Amino acid sequence: MHRTRDIILRGIDEGLHSAAQLYVSVGGDLVADEAFGPISTNHLMLWMSGGKPVAAAAVLMLVARKLITLDTRICDVIPPFASNGKDAITLRHILTHTAGFRGPLNNFTPGPFGAIIDRVFALKQEAGWVAGEKAGYHVGSSWFVLGELVRILDGRPIDRFVLEEISDEIFIGMSTSELEIVRGRLVEMKVTDASNRTPFSGNSDDAIVVSRPGANARGPIRELGRFYERLLNCRVGKDDLLPQEIALQMTTRNRVGMHDATFGQVLDWGLGVMIDSKEYAGEHQYGFGANASRDTFGHSGNQSSCGFADPKHELVIAWACDGMPGELLHQARQR
């Protein structure tokens, strides 16, 4: 662990980030739950896309409750979604990033959730894209749809669903009153890239309170680690977050050997999680480290975080930094 701590502390000295959290467990036994810089382990870090698997799990809980199936067309639940050629898209397509409506829509698009989801409904199916036959990572558009599915099928907005059903310390958006309660624990994200000093828009109150299932999950990083521990336990029938069969579906290869049009690389996916894909791209690309097994599953957050679980080694790692230093410096830090 001393090498890991040294890398994090060196990153503070070099200005890549000013604060970080790290969580590690092996076989369910805690190895590290640490904070670096002027924060504690109880502060709420922004996970960016590292929170996507939490949103995926929320929808899969509704699959387990037989409120929807993986092959249900989205428009059968949300009729306006069918516009502009999107009528054939299913939940499975969204969770495997094969839906084809990536669109010019930012995760931190301003406005209330209802206005954002209306913009998503208006997106076009990409030209020549047959859902399920082509792959391309959806940064934000499809994840708002997952939030709307939870709201319609369960009756609660996804932020409330996650707090009440998954963890009372994972916030995917929050009410204004909750914001005032936790404000002193929030850690702002900073753009530390010397070539891009544009302030990060996700720190505003308006950005924080809106549910953005693909981008603004916040919490102590140990909560992301514990989430992955629960998934490992679900896979062997020792946790009730998801039934064993669905947990295995989520965390094993569903999309295999497909070229991802967003990343420009062959990548494998489960349902809302990436499966270790360094076999296609080399030891240091699109995997979870040189020693991670082929079955490792997880998700990274833009220049800021990563969480994953390795079933073979019963290893869980989750970390978050408060600095986005540019892709090259971030990738070096992450490796």
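# Exercises on helices and loops in a predicted model

Helix α1 is followed by G15, which has a positive phi near 80°. The structure is a predicted model.

**Exercise 1.** Determine what span helix α1 should have, and how far apart its end C-alpha atoms are.

*Solution.* Helix α1 covers residues 2-13, twelve residues in total. The expected span is 1.5 Å times one less than the number of residues. For α1 this gives 16 Å, and the end C-alpha atoms are 16 Å apart, so the two values agree.

**Exercise 2.** Describe how helix α2 packs against helix α10, and state which residues meet.

*Solution.* Two packed helices are described by the angle between their axes and the distance between the axes. Begin with these two quantities: the axes of α2 (residues 52-64) and α10 (residues 221-235) come within 11 Å and cross at roughly 45°. That angle makes α2 oblique to α10. Next, take the handedness, which is left-handed for this crossing. Then list the residues: from α2, P53, V54 and A57 meet L224, F227 and Y228 of α10. Finally, sort this contact by class: six residues are nonpolar, none is polar and none is charged.

**Exercise 3.** Carry out the corresponding description for α2 and helix α6.

*Solution.* The axes of α2 and α6 (residues 141-154) lie 10 Å apart, and the packing angle is about 35°. The crossing is left-handed. On the α2 side, the contact is made by K52, A55, A56, A58, V59 and L62. On the α6 side, W143, L146, L149, V150, L153 and D154 take part. By class, the contact of α2 with α6 has ten nonpolar residues, two charged residues and no polar ones.

**Exercise 4.** Locate K66, give its phi, and decide whether K66 is buried, partly exposed or exposed.

*Solution.* K66 lies in the loop between α2 and α3 (74-77). Most residues other than glycine have a negative phi. K66 is not a glycine, yet its phi is positive, about 60°. For accessibility, exposed means over 50%. K66 has 75% relative accessibility and therefore counts as exposed.

How values were computed
Residues are numbered from 1 along each chain as its sequence is written. This is a predicted model: local features need pLDDT of at least 70, side-chain atom pairs count only at pLDDT 80 or more; totals for chains, interfaces and linings use all residues. Side-chain values use heavy atoms; hydrogens and water are left out. Axes are lines fitted to C-alpha atoms, for helices over the stretch in contact, and angles run from 0 to 180 degrees between N-to-C directions. Helices (H or I, at least four residues) and strands (E, at least two) are DSSP runs, numbered from the N terminus. Angles under 35 degrees count as roughly parallel, over 145 as roughly antiparallel, 65 to 115 as roughly perpendicular and the rest as oblique. A crossing is left-handed if the near helix is turned anticlockwise from the far one by less than a right angle, and right-handed if clockwise. Contact means heavy atoms within 4.5 Å. Ala, Val, Leu, Ile, Met, Phe, Trp, Tyr, Cys and Pro count as nonpolar, Asp, Glu, Lys and Arg as charged, and the others, Gly among them, as polar. Buried means under 20% relative accessible area, exposed over 50%, partly exposed in between (1.4 Å probe, protein chains only).
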